[in-house]
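Work through the exercises below with the coordinates open. Try each task before reading its solution.

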Amino acid sequence: MVNGYPNGTFKPNAGVTRAEFAVMLARALELQGAGAGINFIELDNIGIRAQQAIACAVEAGIITGYTDGSFRPNAKISRSEMITMLSRALGITLDNAETTSYADDSDIPAWAKAAVKALAEAGIIQGRGGNRFVPNGTGTRAEAVTVLLGALELNNK
């Protein structure tokens, strides 16, 4: 699901790009096939090995990209984006959530609030210190692995 670096390190606190998380997610879910054609405006900036994972995630409805037609593969993924992709991957029914239990609830984007609430209630995500979700913070490699393992465990129940 996740590879380390050539020097044998894992770098748990390093940020994860959107392309890296898409690859991790596709591997964790064992998404197969050619996937949907991807039409993101920066297709040339998406590495060859990530293109198939992203295409499979697009076909599965996990990834939609931005309204301007971009995917931003090299941008660091926010915690809100990571959780939204994961909730789509799990097929969790999302109720309209007006609030979550996090202290920084007002900072959670409206488009992510239901996913954050659902995955918190499922025990897949936790906040950072002070019961803060830090929705716009960069998701780390350790957080990505933790939520993916939690998702796999939930799927196997």
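**Exercise 1.** In which loop does S78 lie? Then classify its burial and list its contacts.

*Solution.* S78 sits in the loop between α2 and α3. Helices here are DSSP runs (H or I, at least four residues), numbered from the N terminus. The model is predicted: local features need pLDDT of at least 70, side-chain atom pairs count only at pLDDT 80 or more, and totals for chains, interfaces and linings use all residues. Residues are numbered from 1 along each chain as its sequence is written, and side-chain values use heavy atoms, with hydrogens and water left out.

Next, burial. S78 has a relative accessible area of 12%, so S78 is buried. The scale: buried is under 20% relative accessible area, exposed over 50%, partly exposed in between (1.4 Å probe, protein chains only).

Last, contacts (heavy atoms within 4.5 Å). Not counting residues up to four places away in sequence, S78 touches P135, N136, G137 and G139.

**Exercise 2.** Describe how α1 and α3 pack.

*Solution.* Start with the axes, which are lines fitted to C-alpha atoms over the stretch in contact; angles run from 0 to 180 degrees between N-to-C directions. The axes of α1 (residues 18-29) and α3 (residues 79-90) come within 11 Å and cross at roughly 25°. α1 is therefore roughly parallel to α3, a label for angles under 35 degrees.

Now the residues. α1 contributes R18, F21, L25 and L29, and α3 contributes E81, M82, M85, L86 and A89. Sorted by class, this contact has seven nonpolar, no polar and two charged residues. Ala, Val, Leu, Ile, Met, Phe, Trp, Tyr, Cys and Pro count as nonpolar, Asp, Glu, Lys and Arg as charged, and the others, Gly among them, as polar.

**Exercise 3.** Which residues touch the most other members of the largest nonpolar core?

*Solution.* A nonpolar core is a set of buried Ala, Val, Leu, Ile, Met, Phe, Trp, Tyr and Cys residues joined through side-chain atoms within 4.5 Å. The largest one has 39 residues, and F21, I54, I63, L86 and I125 touch the most other members. The largest share, eight residues, comes from α1. Now take I54. Beyond four places in sequence, I54 touches A19, A22, I38, F40, I46, I63 and F71.

**Exercise 4.** Where does E30 lie, and is E30 buried or exposed?

*Solution.* E30 is in the loop between α1 and α2. Its relative accessible area is 60%, so E30 is exposed. Check the backbone too: E30 is not a glycine, yet has a positive phi of about 55°.

Terms used: Helix = DSSP H or I, 4+ residues; strand = E, 2+ residues; numbered from the N terminus. Parallel < 35°, antiparallel > 145°, perpendicular 65-115°, else oblique.
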